[in-house]
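Hello,

Have a look at it first, and then read on.

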Amino acid sequence: MNLVTTYNCVIATIYNYLTHVQKLEFELEALIFSPPFFKLVTSYDGFLTSAPFEEVVTPFLQRADCRMVFPDVSSPQTAIAYAHEHLRTKGIVPVAINLRYDVLEPLPFDNDAWHIHIIVDREGTGRFKMYDQFEDKYYVVDEQHLMKAIDTPFNYRNSGQFTPFMQMEVNDREATQRKLVTGSSGLSSLRHAVEHYPLHINLHMGSMFFDGISRYAVERPKDSDIYKLMNYPHIICKSRHFVAEYVKRSIGGNLTGMGGVEQLQSGWERFRRLLGMALHRQEREAFTRLTKQYEQLIYLELHCLQEVMSQYEASIDV
């Protein structure tokens, strides 16, 4: 089964469900490259991360008349029966789990908000084959362990309902498919996102982030905070890697050089490494240097993206 991985598991879920269960055909990039794609924000606890997935996908979902639904299945026990029936009648089943009970890389603390894996198939008696959309890995889990992984506060967030499963609802599949065929392509969506690059927002969010984490020059962050401090930039790195790979695959032959997209890719990876070093060393000067390097990276990113699109547009005008 050809399931896709991308930088955000919820966005991957939307694409995988629409293509495999609803049988719609469209470019993944047309879903991802909306104007908020390049926007960075600070989370509720002050850590730098990508724009919320809702902002990124809302333009696509509104255009295609699709929506996320979370059926109430009452309990972890009935959730297992529901998963079996969905697999039998419709196909893959996206489910939100607590990463404390993740099979591949379990965390030593609860982390249950918007971590969605996909139940792909039954695997013998009492076991499921699962797909981790962020790590791009398959694994097998027994039903008892999965019940423990989904019995978590996030899945009770809707007024006492138990809603571990995420699905995509489409009123009129044929009408939606027509809209998708006549809608934006991946390249036109990328061009639009670059044209609306949020330079001042990203600079401001970076300033807020570094003001907040300057306290770690004198105090050690908690394990859960270290995870967020390093994992959120990892998500940003994966999003920029997604852009670089798409550019190489789609328009690389039309560019005079690929240095720009490679800078885009490696710049964020280097930033993440330097952030880890600053947190380890707890030197105020290291955080000050990192603030300046972040600002340079944001300007470099905008320049690289504009240069890539400019070269591409010039090549198709010849």
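Trp114 lies in the loop between S4 and S5. Before I go on, please note that this is a predicted model, in which local features need pLDDT of at least 70 and side-chain atom pairs count only at pLDDT 80 or more, while totals for chains, interfaces and linings use all residues. Residues are numbered from 1 along each chain as its sequence is written, and side-chain values use heavy atoms, with hydrogens and water left out. Helices (H or I, at least four residues) and strands (E, at least two) are DSSP runs, numbered from the N terminus.

Although Trp114 is not a glycine, its phi is positive, at about 60°.

Aromatic pairs come next. Rings of Phe, Tyr and Trp (its six-membered ring) pair if their centres lie within 6.5 Å; planes under 30 degrees apart are stacked, over 60 edge-to-face, and the rest tilted. This rule gives 21 aromatic pairs. Why is the pair of Trp114 and Phe154 edge-to-face? The ring centres are 5.0 Å apart and the planes stand at 70°, so the pair of Trp114 and Phe154 falls in that class. It links distant parts of the chain, 40 residues apart: Trp114 is in the loop between strand S4 (93-96) and strand S5 (116-122), and Phe154 in the loop between helix H5 (143-150) and strand S8 (167-170). Phe154 counts as buried, with 11% relative accessibility.

One aromatic cluster is formed by Tyr7, Phe33, Phe37, Phe38, Tyr197, Phe242 and Tyr246. There are also charges over rings (NZ of Lys or CZ of Arg within 6 Å of the ring centre and within 35 degrees of the ring normal). Arg157 lies over the face of Phe70, 5.0 Å from the ring centre, and the charged end of Lys238 sits over the ring of Phe134, at 4.6 Å from its centre.

Asp65 is a residue other than glycine with a positive phi, near 55°. You will find Asp65 in the loop between helix H3 (53-64) and strand S3 (66-69), and at 30% relative accessibility it counts as partly exposed.

**Pocket and cavities**

For both kinds of space I used a 1 Å grid over the protein atoms alone: a cavity is a set of points where a 1.4 Å probe fits but cannot get out, a pocket is an open set with protein on both sides within 12 Å along at least five of seven lines, and lining residues have an atom within 4 Å of a point. Grid points are joined across faces, edges and corners, and a volume is the space filled by probe spheres set on the points.

The largest pocket has a volume of about 1100 Å³. Of its 39 lining residues, Ala113, Trp114, His115, Tyr232 and Ile235 are the closest to the centre. Helix H9 (223-251) is one of the elements that give two or more residues to this lining, and H9 provides the largest share, seven residues.

How many cavities of 30 Å³ or more does the structure hold? There are two cavities of that size. The largest cavity holds about 50 Å³ of space, and H5 gives the most to its lining, with three residues.

**Two buried polar residues**

Lys228 is found in helix H9 and is buried, with a relative accessible area of 16%. Its side chain makes a polar contact of 3.3 Å with the side chain of Tyr44. Here a polar contact is a pair of N or O atoms within 3.5 Å; within protein, one must be able to donate a hydrogen and the other to accept it, and residues adjacent in sequence count only if both atoms are side-chain atoms.

Gln167 lies in strand S8 and counts as buried at 7% relative accessibility. The side chains of Gln167 and Tyr82 are joined by a polar contact of 2.7 Å.

Best wishes

How values were computed: Buried < 20%, exposed > 50% of the residue type's maximum accessible area, 1.4 Å probe, protein only.
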